Amino acid sequence: MRSFILGSDWCTDCDDVVAMRVLCRAHKAGEINLLGVGINTCVDVSVASLYGFLATEGVTDVAVGIDMKSADARRFEPKYQPRLANYAPDKTNADAEDAVRMYRRLIANSPTRVEILEIGFTQVIAGALMSQPDDISPLSGIELFRQKVAKVWMMAGKWDEEGGKEYNFCCHQLTSTNATTFCDNCPIPVTFLGWEVGNTVISGNELPDDDVLKQALIDHGSPNGRSSWDPMLVVLAIIGNEKAAGYSVTRGRARVDASDGSNYFTENAAGPHQYVTKLFDDSYYQKQINDRIS
Ligand SMILES: [Ca+2]
């Protein structure tokens, strides 16, 4: 079975929660194995709210990590976290492992190559990539990725224009700088799903009112559903094949300007990166997600 680590900003936008349900359902069904979730945006109730949501999904065997330093990256106001935290009232941020360390541990200890999903900021995956040998593994991050990570799936960037700007690369300097580091150094294939792909696909619009996920959407201010950037990336990764998931790919090399997070792409049939373009109408991808979260 394929194993995944998820990185999420689990903060202001609620499409992360939709994506988390997709992953939890796939994990519980034995479709994939979710090893851990690393939170890359820290607010006071980050860990409690994630554990709380996992508890409502009946998922108790997933590691949780957090980048505590990300609390300083920008001042975020939690939208849906306080209510979710009520489902895990005993948890605090101190109950989570450092996210970079968790990535290293899960990658090193996995008997098979893992896949990494990123639906938030870039500093944790870049930190794991550039990490040095330690008590967990004698391998550097680059070597760990080369030997033990099969692929990275990343929701980030805006690929329908040169110099496109998207939140996960641009929100603050910490993520812009680390996006550059990641794109320049990752030794394994990366598939990007950009802002332009998910923006007009609305999911979570068919949930019953007593659903915890529906309440998170309401708390965010999206009672009629939300753009599907993060759940589209997760569904794509679970299917595991871009064409089978309903996308064409453009292959080449991605680059991010560290100064402002703007992204650029040079096409090359042998390049290590690719970004996806939808082959079908938005309703196709909406149904992909809604069928998995209902
Ligand atoms: Ca996100």
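Strands β5 and β6 run parallel and are joined by five bridges. Strands and helices here are DSSP runs, strands (E) of at least two residues and helices (H or I) of at least four, numbered from the N terminus. Two strands count as paired if DSSP finds at least two bridges between them. The model is a predicted one, in which local features need pLDDT of at least 70 and side-chain atom pairs count only at pLDDT 80 or more, while totals for chains, interfaces and linings use all residues. Residues are numbered from 1 along each chain as its sequence is written, and side-chain values use heavy atoms, with hydrogens and water left out.

Strands of a sheet pair through backbone hydrogen bonds, either parallel or antiparallel. In this structure an open sheet of ten strands has mixed pairing and the order β4-β3-β2-β1-β5-β6-β7-β12-β10-β11. Its edge strands, β4 (97–98) and β11 (263–267), each pair on one side only.

Buried means under 20% relative accessible area, exposed means over 50%, and partly exposed lies in between, with a 1.4 Å probe and protein chains only.

Strand β1 pairs with β2 (residues 33–39) in the parallel sense over six bridges, with I5 opposite G36 in β2. Helix α1 lies across β1, β2 and β5, and runs at about 155° to β2. Axes are lines fitted to C-alpha atoms, for helices over the stretch in contact, and angles run from 0 to 180 degrees between N-to-C directions.

The calcium ion comes next. Its protein donors are D9 (OD), D16 (OD), D16 (OD), I119 (O) and D230 (OD), at 2.3 to 2.5 Å from the ion. Donors are N, O and S atoms within 2.8 Å of the metal (3.2 Å for Na, K and Ca), and sites may look incomplete because water is not among the atoms. Along the chain the donors follow the spacing D-x6-D-x102-I-x110-D.

Helices α11 (residues 229–239) and α12 (residues 282–293) have axes that come within 10 Å and cross at roughly 80°. The two helices are therefore roughly perpendicular to each other, a term for angles of 65 to 115 degrees; under 35 counts as roughly parallel, over 145 as roughly antiparallel and the rest as oblique. P231, M232, V235, I238 and I239 of α11 make the contact with Y285, Q288, I289 and R292 of α12. Contact means heavy atoms within 4.5 Å.

In the loop between α11 and β10 (247–256) is E242. Is E242 buried or exposed? Its relative accessible area is 10%, so E242 is buried. Leaving aside neighbours within four places in sequence, E242 contacts several residues, including K151 and W153.

R74, in the loop between β3 (63–66) and α3 (81–85), counts as partly exposed at 40% relative accessibility.
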